[in-house]
Amino acid sequence: MPEVVITRLGAQGDGVAETAEGPVHIAGTLPGERVEAEIAGTRGRLGRIVSASAERILPACRHFGSCGGCKLQHMAPPAYLAFKRAVVARALAQRGIDVEPQPVIAIPPASRRRVTLSARRTRKSVVLGFHGLSSAEIVPVEHCPIAVPRIDEALEGLRALVAPLLTRKGEARLTVTAATSGLDVEIVGAGSELSADRRQEASEAAALLGAVRVTLGGEPLYQAGEAAVSIAGAAVPLPPGAFLQATAQSEAAITGIVLVGVAGARRVADLYAGIGTFTLALARGSEVTAVEGDRAPLAALKVAAGRAKGLKPVATLRRDLEREPLAGGELGAFDAVVLDPPFAGARRQAEALAGSRIGRIVMVSCNPATLARDLQILIEGGYRLQRVVPVDQFLWSAHVEVVAHLARG
C-alpha cells in the first residue's frame, strides 16, 4: 500500500492527502498523520496508521470504522469542535462575509432522540443497523452511543418489530423517535400486503417494545396512545415523519439563541414553523404568526397552542414559502422574523426580506453553505450580521447547526 500524509480535513470530515494525482480523501484519518491506504481515484481506504496525530483518541463506539454514521469519534473534543467552527467560517468566507463564528455549543452523547435505521432480511436472520462507510451494506448495530438510552436499549426489540414485515426483497427504513409517552416508529419500504398473522406479530412486538405508535407506509399499524413531544412546556402531537430537532438539548440551546435575537419584539413571524419548535417559545413573549407549507405539522401546532397556557396569540398560515414567500406589506406587520428553512435554504424568502423594513431577523440552518448564501442576500439588502453561533447538534458527524442574528442598518 502507498504511504501518504494527511494535510487537512475535507468538508465531510475525511482526511485529505495531497498526491501527484491530486487530493485523496481517506476516512478515519487526521491532519498530520502518515498512513498506508488503498487508493482508487480520489478515494482511499485506510490500511495502517504509520504515525498517529496527537489529536487521535479511542472512538466511543464499537462499530466505528464499519458503520458510516459517526465519522469523527476518533478526534479529540477541542480539535473536533474547532473543525466544526471552521466549517462555518469557511462557508461565510466563501461568500465574502467577514464575521467570526462564536465557539461551538457542544451537545453530549446519548442525547439523539430520533434515529433512522435500515433493515433487511437475509437467508438466516434480519439485519438492523446503519449503512456502512461509503457502502449500501447494513452494519448490524447492537449499541449506539449517540442515541438516548430509550432508543439504544430498544434495538433488539426494533429488530423483532420489523422482522414480520420484511420480505427477501428490498430494504426497510425505521425512523424511531423517543416521544414523551413511548417510542414512535415510522416504517417505510416494508411489505404493505401482509397477512393478519404477520400484522398481529408486529403489533405484539410493538407492545413489548413499549411503542406508543407504529406506522407502516404512512398507515397506522399499532397505537397505544398519542405520540407527542414536549416543546416549550407544551405537548405537541407528532405527525408521522414530521421534522424534529435531533436532540432536546440542542433544541433548547437553539431556542435560547433565537429568543435573544428577537427579545422585545411585539409581533414575530415564524417561517418554516413546522410543529412549532420556536413558535411556542416565542409566544411566551410575543404575538406570533407561524407559517408552514405542510398541513399536518401546522395542525399539530394549532393543537399544541390551544393546550398551552400563558401564550400570547398564535396565528397560523399555510404557505409554500419557496413558491410564495412572505413579502411586501405582509412583512410590514412584524417587528422580527425567525426562519428555519430546509437544507436547500430560503433564497426567495431571503430576497423578500432583503427588501423589507423588518428590524431583526434570526436564521437557523443545518447547512452552512446555503445559510451563507442567504445571509449574503440579506447583507446586500442592508442588514448587519451581528452574531453567528454553531451548535453541534449532529454529534461526531461533519454536519453542524447554525443560528445567525441580523439587524436592519
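Guide: Let us begin with Ala 350, which, leaving aside its neighbours within four places in sequence, is in contact with Asp 374, Ile 377 and Leu 378. Please keep in mind throughout that this is a predicted model.

Visitor: Which helix is Ala 350 in?

Guide: Ala 350 has its place in helix α8, which covers residues 347-354.

Visitor: And is Ala 350 buried or exposed?

Guide: Ala 350 counts as buried, because its relative accessibility is 0%, and the cut-off for that label is under 20%.

Visitor: What separates the C-alpha atoms of Ala 350 and Ala 224?

Guide: A distance of 43 Å separates those two C-alpha atoms, and along the chain Ala 350 and Ala 224 are 126 residues apart.

Visitor: Staying with Leu 174, what does it touch?

Guide: Not counting residues up to four places away in sequence, Leu 174 touches a set of residues that includes Val 115, Leu 117, Leu 128, Leu 158, Val 185 and Ile 187, and Thr 116 and Glu 186 are also among them.

Visitor: New topic: how do β13 and β14 run, and how many bridges join them?

Guide: Strand β13 (residues 228-231) and strand β14 (residues 234-237) run antiparallel and are joined by four bridges, with Ile 231 standing opposite Ala 234 in β14. Two residues lie between the strands of this hairpin, where Ala 232 takes a positive phi near 50 degrees.

Visitor: Zooming out, how many helices and strands does the protein chain have?

Guide: The secondary structure comes to nine helices and 21 strands. The radius of gyration is 23 Å, close to the 22 Å that the globule rule gives for 409 residues, so the chain is as compact as a globular protein of that length.

Visitor: What share of the residues count as buried, then?

Guide: Of the 409 residues, 53% count as buried, while the chain exposes about 17,900 Å², of which carbon and sulfur atoms supply 52%.

Terms used:
Residues are numbered from 1 along each chain as its sequence is written. This is a predicted model: local features need pLDDT of at least 70, side-chain atom pairs count only at pLDDT 80 or more; totals for chains, interfaces and linings use all residues. Side-chain values use heavy atoms; hydrogens and water are left out. Contact means heavy atoms within 4.5 Å. Two strands pair if DSSP finds at least two bridges between them. Buried means under 20% relative accessible area, exposed over 50%, partly exposed in between (1.4 Å probe, protein chains only). The radius of gyration is taken over C-alpha atoms; the globule rule is 2.2 Å times the number of residues to the power 0.38. Accessible areas come from the Shrake-Rupley method with a 1.4 Å probe; for residues, only the protein chains shown count as cover.
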